[in-house]
Amino acid sequence: MTMNRLDDPRIVKIDRMRYAKNTFSSGLTYLAILFNVFYFVSIYESDVGSWYYQILIGASIVYNLVFMLMTFLASEGVKNYKMGYSVLLLVAGAGQIIRIFILPLMAYQATVTISKVTYPVMEKPQLIWVIICLAASALCCFVAGLVGVYRSRKLAAYNATLNQTVA
């Protein structure tokens with residue numbers, strides 16, 4: 001009795017990927033967007049003098065919008081095992097890590113004087129919170145991207161073997 005390819009549970013699992021979506025990576029990407037929103041809200045609800053009224057905040061707002069749009073697009077791409085979108089998520093995760101060292105640290109180190117009283121722009125609890133949000137967002141992007149790359153390669157290799165057996 002010969003064993004059919006589809007009798008092997010590992011082959012069945014890979015073959016099933018042709019019809020099922022990569023919801024794990026897609027879900028992690030949505031979670032990355034959610035953590036970015038928490039960061040966004042924490043930063044922009046702060047109103048300490050006029051420190052936040054500068055070009056850096058404008059650039060940060062634009063970057064937040066671009067990040068959310070590009071990761072949402074990537075969530076749809078990784079759902080369908082598209083390798084390029086997985087790489088985009090890895091780049092987005094690196095961007096979130098880099099952001100930790102720009103606005104949050106600058107705001108934490110800055111002070112504002114209002115009516116001859118000096119106030120910190122960002123206090124330590126808020127700094128810790130925004131770092132956690134950015135790091136969690138980055139982690140979600142990295143894991144989603146790495147799983148997406150792995151699964152995309154696995155499915156592409158399997159599809160290549162199918163094409164060889166047909167030809």
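**View 1. The surroundings of Ser 60 in the predicted model.** Ser 60 touches Tyr 39, Tyr 44, Arg 99 and Leu 103, where residues up to four places away in sequence are not counted and contact means heavy atoms within 4.5 Å. The place of Ser 60 is in helix 3, residues 55-79, a helix being a DSSP run of H or I with at least four residues, numbered from the N terminus. Ser 60 is buried, because its relative accessible area is 9% and buried means under 20% (1.4 Å probe, protein chains only). This is a predicted model, in which local features need pLDDT of at least 70, side-chain atom pairs count only at pLDDT 80 or more, and totals for chains, interfaces and linings use all residues. Residues are numbered from 1 along each chain as its sequence is written, and side-chain values use heavy atoms, with hydrogens and water left out.

View 2. Helix 2 has 22 residues and reaches 31 Å from its first C-alpha to its last, close to the expected 32 Å, a span defined as 1.5 Å times one less than the number of residues.

View 3. Helix 4, residues 83-100, has 18 residues and reaches 27 Å from its first C-alpha to its last, close to the 26 Å expected.

Terms used
Helix = DSSP H or I, 4+ residues; strand = E, 2+ residues; numbered from the N terminus. Buried < 20%, exposed > 50% of the residue type's maximum accessible area, 1.4 Å probe, protein only.
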